[in-house]
Amino acid sequence: MALDHLPLLPTATIGSHSIPSWMYAVYDKMAGGEFGEVDAKEAYDDAVDTALKDMEEAGLDIVSDGEMRRVGYILSFYDHFAGLRKRDLPRKVGVLAYDGQHHFDAMERVTAPNGLGLREEFAYTKTRTTHPIKVPVPGPLTLATHIEKGAAYGRRRDISYDLCKIINEELRAVVEAGAEYVQVDEVFQVFSMRPEILVDCYNRCVDGVKAKLGLHICFGTLGGFGYSARTYRPLFPALNDCAAHNLALEFANREMSEAGMWAEVKCDKELTAGVIDLKSFAIETPEQVADRIRLLLKAVPAEKLFLSPDCGLARIPRYLGKAKLKALVEGAKIVRRELSGAA
Ligand SMILES: [Zn+2]
């Protein structure tokens, strides 16, 4: 299957897959210095294989490596950056949430001397699946939220601009290596007041990147917490000016609020709509998913509608992630049959 031979209503991962339970034992071994480089590579490769198998068995059309080589969505990316000094954790006990993650002071302008690891991730993934692969990368605004201006920056915005340069170089390289679909992921809180900055940063990230271009915007998933008012309306019409071909947005956990917005904001991009609620432990039935898709189809032309979970699956257990992916695929099949007149 190729990107230009997808079925109607393609189903896609957002990026991360549920982390296999045994990987947590691996993390402990690594933290204790008990794993060598070869051991770690073997474990990560096996984790990617597991994620791909889960996605393919569920029947997803567009897969990823499940972000298995990354930790904590953005956290492992700071290991790739030079010029940063880690601060002590602001909160160390209790509920897992955004205020329990490391922040950094910029001692120098941020660089990534050896890149961000996407090329290495993709080089392995493309040998392990024949499905179209999406390559996600955290966005500059989201990555910048953990970096304080320090001595190196006068304006916060310049941290983001330096990150745009790093991401752009990485995306160009991964596309040169054969990637056909890349996606920048941003969490809403950081730019809720300035959509034009989001668009400016996104366009810098994808400048000259010759691939299908995605932008995922979510409201945050860590520990089940969101981080802002759950509406995309303030981002429009500015978002129509971003260079993305495909916007991946959350709908299911908002009870499909704004499902009709696509027509109102006159967006002619593809929409990857989240129709699986990751803030709920309940497993959707295929019929429930089909209902959500039918609602979206009132505003989005079928040929522009892709379907996915609201966000990546890294924050939910694997058995649940697998069941939810299966419901996504079965729900899409119901509506495809209706649209083809076979239902
Ligand atoms: Zn997300």
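Start by selecting strand 6, residues 212-218: it is mostly covered, with seven of its seven residues buried. Here a residue is buried if 20 or more other C-beta atoms lie within 10 Å of its own, exposed if 12 or fewer, and partly exposed in between, with C-beta atoms placed from the backbone. Strands (E, at least two residues) and helices (H or I, at least four) are DSSP runs, numbered from the N terminus. Before going further, note that this is a predicted model: local features need pLDDT of at least 70, side-chain atom pairs count only at pLDDT 80 or more, and totals for chains, interfaces and linings use all residues. Residue numbers run from 1 along each chain as its sequence is written.

Now show the side chains of strand 6. Lys212, Gly214, His216 and Cys218 point one way, Leu213, Leu215 and Ile217 point the other way, and all are buried.

Strand 5 (residues 181-187) runs parallel to strand 6, paired over seven bridges; two strands pair if DSSP finds at least two bridges between them. Click on Tyr181 and you'll find its bridge partner in strand 6, Lys212. Strand 7 (246-250) also pairs with strand 6 in the parallel sense, over four bridges. There, His216 has Ala248 as its bridge partner.

Which two residues touch the most other members of the largest nonpolar core? Select Val182 and Tyr202: they do, in a core of 94 residues. Such a core is a set of buried Ala, Val, Leu, Ile, Met, Phe, Trp, Tyr and Cys residues joined through C-beta atoms within 7 Å. Helix 5 (residues 156-176) supplies the largest share of this core, eight residues. Zoom in on Tyr202 and, leaving out residues up to four places away in sequence, you'll see it touching Val184, Leu215, Cys242, Ala243 and Ala244; contact means C-beta atoms, placed from the backbone, within 7 Å.

Over to the open sheet of three strands, ordered 1-2-4 with mixed pairing. Strand 1 (82-86) and strand 4 (147-148) are the edges, each pairing on one side only. Strand 2 (residues 104-111) and strand 4 pair in the parallel sense over two bridges, and Phe104 stands opposite Ile147. Bring helix 5 back: it packs on this sheet, touching strand 2 and strand 4, at about 45° to the direction of strand 2. Axes are lines fitted to C-alpha atoms, for helices over the stretch in contact, and angles run from 0 to 180 degrees between N-to-C directions.

Select Phe236 and Pro237: the peptide bond between them is cis, with omega near 5°. Pro237 lies in the loop between strand 6 and strand 7. Pro234 is in that loop too, and it counts as partly exposed because it has 15 C-beta neighbours inside 10 Å.

Two residues other than glycine have a positive phi worth a click. Glu67, at about 55°, is in the loop between helix 2 (37-58) and strand 1. Is Glu67 buried or exposed? It has 26 C-beta neighbours inside 10 Å, so it counts as buried. Glu258, with phi near 70°, is in the loop between strand 7 and helix 7 (261-264). Glu258 is partly exposed, with 17 other C-beta atoms within 10 Å.

Last stop: helix 1, residues 21-31. One of its 11 residues is buried, so it lies largely in the open. Just after this helix, Gly33 takes a positive phi of about 75°.

Technical notes. Two residues are in contact if their C-beta atoms, placed from the backbone, lie within 7 Å.
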